[in-house]
Amino acid sequence: MAAESGTNWVLTVTAQTPTNIAVIKYWGKRDEDLILPINDSISVTLDPDHLCTTTSVAVSPAFTHDRMWLNGKEVSLSGGRYQNCLRELRSRASDVEDEQKGIKITKKDWEKMHVHIVSYNNFPTAAGLASSAAGLACLVYSLAKLMNVRDDHSRLSAIARQGSGSACRSLYGGFVKWIMGKEENGSDSIAVQLADEKHWDDLVIIIAVVSSRQKETSSTSGMKDTVETSMLIEHRAKVAYTFDAGPNAVLISHNRKAAALLLQRLLFCFPPNSDTDLNSYVIGDKTILKDAGIQNMKDIEALSPPPEIKDNQTQKYRGGVSYFICTRPGRGPVVLTDESRSLINPETGLPK
């Protein structure tokens with residue numbers, strides 16, 4: 001068997017992966033099975049302190065089948081996309097040894113061993129904020145660390161792409177390009193980093209979350225319908241455009257001063273309901289509130305109309321936005337070495 005100490009051990013790894021927002025979006029695939037896009041895309045990786053997926057993975061000879069829990073609920077791993085990722089990772093796994101725990105797993109053992117996956121998003125799932133991208137990227141990254149997969153990020157991005165197209169971009173921080181590639185087998189359809197998160201470190205991103213409900217039409221279905229029915233898709237693929245967060249608007253400011261002015265205008269036009277707490281209405285990087293001169297709800301009510309608005313006729317849409325997320329470009333995935341941050345009970349291999 002794979003371990004010298006019997007079948008009672010559990011080996012775990014925990015990783016954290018950011019989400020990303022496309023600034024040049026892909027919308028349509030030339031191959032549905034391999035998830036090969038019809039155009040290149042470029043995204044900005046968001047600060048994982050504000051938008052990320054944390055995933056703990058575990059392996060044990062006592063596990064009888066692969067299992068996964070997302071945000072506290074068990075979900076099926078029977079889908080083709082998950083299975084593609086698991087199969088690719090197992091085929092590239094290497095020997096793993098933990099001398100302290102007396103564990104030794106050989107490359108061949110991975111073919112018959114099962115894994116448990118526990119994942120948590122700190123932002124709304126399936127609302128259009130690239131939760132599937134962060135989730136699949138984190139799954140691939142954490143399992144690659146657990147299985148000692150030695151492929152570089154380019155290969156891992158190709159594996160993540162098979163689970164969720166945009167996931168390949170979440171394996172890098174900063175500004176990332178997903179190259180559409182030309183090969184039929186998708187071998188050259190990979191993500192590459194254009195610049196790290198420090199390249200434009202005063203960039204501020206404000207997300208107006210209009211709805212955190214699950215999208216009525218998934219991206220997969222929407223893309224398929226577009227490719228099959230739109231006469232304009234061949235032209236759309238040649239130009240830059242984005243609206244990558246479902247019903248939620250992503251607004252990018254070139255520096256903090258511009259972001260503070262933008263936030264003032266947003267809060268004037270979309271003030272919270274009277275029973276809303278400011279801490280829950282503006283989340284993420286709250287220092288932008290200070291730059292905007294806002295310390296409490298009274299400061300929002302006291303905001304003057306934007307100077308570009310004439311005759312003080314600006315209409316307010318109270319409660320029109322659920323909340324705002326203030327964030328910035330962020331780093332790529334990392335392994336969390338603090339075992340207390342694991343989502344898996346190291347004794348049972350089940351969610352904590």
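This is a predicted model: local features need pLDDT of at least 70, side-chain atom pairs count only at pLDDT 80 or more; totals for chains, interfaces and linings use all residues.
## Helices H1 and H2

Helix H2 covers residues 131–146, and helix H1 covers residues 80–92. The axes of H1 and H2 come within 10 Å and cross at roughly 20 degrees. Angles under 35 degrees count as roughly parallel, so H1 is roughly parallel to H2. Their crossing is right-handed.

On the H1 side, the contact is made by Tyr-82, Cys-85, Leu-86 and Leu-89. H2 contributes Leu-136, Leu-139, Val-140, Leu-143 and Ala-144. By class, the contact of H1 with H2 has 9 nonpolar residues, with no polar and no charged ones.

## Helices H1 and H3

Helix H3 spans residues 153–161, and its axis and that of H1 come within 8 Å, crossing at roughly 150 degrees. Angles over 145 degrees count as roughly antiparallel, and H1 and H3 are therefore roughly antiparallel to each other. H1 passes H3 in a right-handed crossing.

Here Cys-85, Glu-88, Leu-89 and Arg-92 of H1 meet Arg-155, Leu-156 and Ile-159 of H3. This contact of H1 with H3 comprises 4 nonpolar and 3 charged residues, and no polar ones. Cys-85 and Leu-89 of H1 take part in this contact and also in the contact with H2.

## Helices H2 and H3

H2 and H3 pack at an angle of about 130 degrees, and their axes are 9 Å apart. The two helices are therefore oblique to each other. The crossing of H2 and H3 is right-handed.

Val-140, Tyr-141 and Ala-144 of H2 make the contact with His-153, Leu-156, Ile-159 and Ala-160 of H3. The residues of this contact divide into 6 nonpolar and 1 polar, with no charged residue. Val-140 and Ala-144 of H2 belong to this contact and to the contact with H1. On H3, Leu-156 and Ile-159 meet H2 and likewise meet H1.

## The second largest pocket

The second largest pocket has a volume of about 280 Å³. Its lining consists of 15 residues, and those that lie nearest its centre are Thr-12, Val-13, Leu-336, Thr-337 and Glu-339.

Strand S1, residues 11–18, supplies the largest share of the lining of this pocket, with 4 residues. By class, the lining of the second largest pocket divides into 7 nonpolar, 4 polar and 4 charged residues.

Technical notes
Residues are numbered from 1 along each chain as its sequence is written. Side-chain values use heavy atoms; hydrogens and water are left out. Axes are lines fitted to C-alpha atoms, for helices over the stretch in contact, and angles run from 0 to 180 degrees between N-to-C directions. Angles under 35 degrees count as roughly parallel, over 145 as roughly antiparallel, 65 to 115 as roughly perpendicular and the rest as oblique. A crossing is left-handed if the near helix is turned anticlockwise from the far one by less than a right angle, and right-handed if clockwise. Contact means heavy atoms within 4.5 Å. Ala, Val, Leu, Ile, Met, Phe, Trp, Tyr, Cys and Pro count as nonpolar, Asp, Glu, Lys and Arg as charged, and the others, Gly among them, as polar. On a 1 Å grid over the protein atoms alone, a cavity is a set of points where a 1.4 Å probe fits but cannot get out, and a pocket is an open set with protein on both sides within 12 Å along at least five of seven lines; lining residues have an atom within 4 Å of a point. Grid points are joined across faces, edges and corners, and a volume is the space filled by probe spheres set on the points.
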